Amino acid sequence: YTERGNKKVTVDGHWRNNPYRAAREKFKHGSSEYEVLLTPKGDELYEAQIGDKTYRAEVWSFENGDMSLALDGHRQWVSLVSGDQNDWWIHVGGQSYNLKWISPLPEAGHKTAAEGSLHAPMPGQIRAVNIAVGQKVVAGDTLMILEAMKMEHRIKAPYAGEVAAVNYQVGQQVQADAILLELKATE
């Protein structure tokens with residue numbers, strides 16, 4: 001909310017005429033889709049309905065992507081990172097989840113990447129580049145290390161090949177699904 005009361009309320013940056021009507025959003029996680037209804041119930045208090053389950057959600061603090069909240073009275077700490085387009089990464093309870101917001105509007109066409117492109121699984125910073133253009137690698141070799149959400153993600157060779165392009169260097173920030181490098185398969 002940016003303003004409370006019976007007049008003007010915003011949820012996620014959108015103006016709402018009726019502060020008591022649920023905001024309806026859809027997300028995709030893996031191959032499953034979820035609809036979330038979020039109804040304001042008071043100062044930082046919401047009713048969240050996901051499928052046939054309803055939760056009481058109370059936001060205690062939210063700053064720089066770190067949130068402290070209580071779901072049905074159980075306190076939780078959540079880290080949120082938004083990526084390119086409609087992707088969100090959520091870290092809660094020692095697990096990380098990728099959610100893709102499903103826009104109610106038609107989605108524009110996507111540019112396809114070259115075969116053999118390796119993508120960033122989430123937004124983060126390159127911590128190590130273990131290869132160079134022209135280098136031969138075998139399946140399972142760690143090619144890059146990406147730090148995201150206070151964890152290291154090893155970008156490994158899915159097959160034996162030769163490195164055709166390296167698009168990022170140590171210290172650079174990358175967005176989700178950015179093409180990190182290109183790998184040509186060897187026979």
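## A residue in the core

Leaving aside residues up to four places away in sequence, Ile131 touches Val137, Leu143, Val163, Val166 and Leu181, where contact means heavy atoms within 4.5 Å. Ile131 is also one of the residues with the most contacts inside the largest nonpolar core, which has 17 residues. A nonpolar core is a set of buried Ala, Val, Leu, Ile, Met, Phe, Trp, Tyr and Cys residues joined through side-chain atoms within 4.5 Å. Buried means under 20% relative accessible area, exposed means over 50%, and partly exposed lies in between (1.4 Å probe, protein chains only).

At least two residues of this core come from each of strand 14, strand 16 (161–166) and strand 18 (179–185). A second, separate core of 11 residues includes Phe27, Val36, Tyr46 and Leu69. In soluble globular proteins, nonpolar side chains tend to be buried together.

## The model and its confidence

The structure is a predicted model, in which local features need pLDDT of at least 70 and side-chain atom pairs count only at pLDDT 80 or more, while totals for chains, interfaces and linings use all residues. Residues are numbered from 1 along each chain as its sequence is written, and side-chain values use heavy atoms, with hydrogens and water left out.

The predictor's confidence in each residue is given as pLDDT, from 0 to 100. The protein averages a pLDDT of 82, and 83% of the residues score at least 70. Over residues 1–11, pLDDT stays under 50, and the model has 26 contacts beyond four places in sequence for them.

## Overall composition

The secondary structure comes to 0 helices and 18 strands. Helices (H or I, at least four residues) and strands (E, at least two) are DSSP runs, numbered from the N terminus. Of the 187 residues in the protein, buried residues make up 32%.

Among contacts with a separation of 6 or more, 40% join residues 24 or more positions apart. The accessible surface of the protein is about 12200 Å², and carbon and sulfur atoms account for 49% of that area. Such areas come from the Shrake-Rupley method with a 1.4 Å probe; for residues, only the protein chains shown count as cover.

## Strand pairing around the larger core

Strands of a sheet pair through backbone hydrogen bonds, either parallel or antiparallel. Two strands are taken to pair if DSSP finds at least two bridges between them. An open sheet of 4 strands has the order 15-14-12-17, with antiparallel pairing. Its edge strands, strand 15 (151–156) and strand 17 (173–174), each pair on one side only. Strand 14 (residues 142–148) is joined to strand 15 by 6 bridges, and Met144 stands opposite Ile155.

Strand 18 has antiparallel pairings of its own. Strand 16 is joined to strand 18 by 5 bridges, with Val163 and Leu183 as bridge partners. Strand 11 (residues 117–119) pairs with strand 18 over 3 bridges, and here Leu118 stands opposite Leu181.

## Strand 10 and its partners

Strand 10 (residues 95–102) runs antiparallel to strand 3 (residues 23–29), and 3 bridges join the two. In this pairing, Lys26 has Ile102 as its bridge partner. Strand 10 is also joined to strand 9 (residues 87–92) by 6 bridges, again antiparallel, with Trp89 opposite Asn98. Strand 9 and strand 10 form a hairpin with 2 residues between them, and Gly93 in the turn has a positive phi of about 60°.

Is Asn64 buried or exposed? Asn64, in the loop between strand 6 (53–63) and strand 7 (66–71), is exposed, with a relative accessible area of 74%. Although it is not a glycine, Asn64 has a positive phi of about 50°. Met149 is likewise not a glycine and has a positive phi, of about 55°. Met149 is found in the loop between strand 14 and strand 15, and counts as buried at 15% relative accessibility.

Ser68 has its place in strand 7. Ser68 counts as buried because its relative accessibility is 3%. Beyond its neighbours within four places in sequence, Ser68 is in contact with Glu58, Val59, Trp60, Ser61, Arg75, Gln76 and Trp77.
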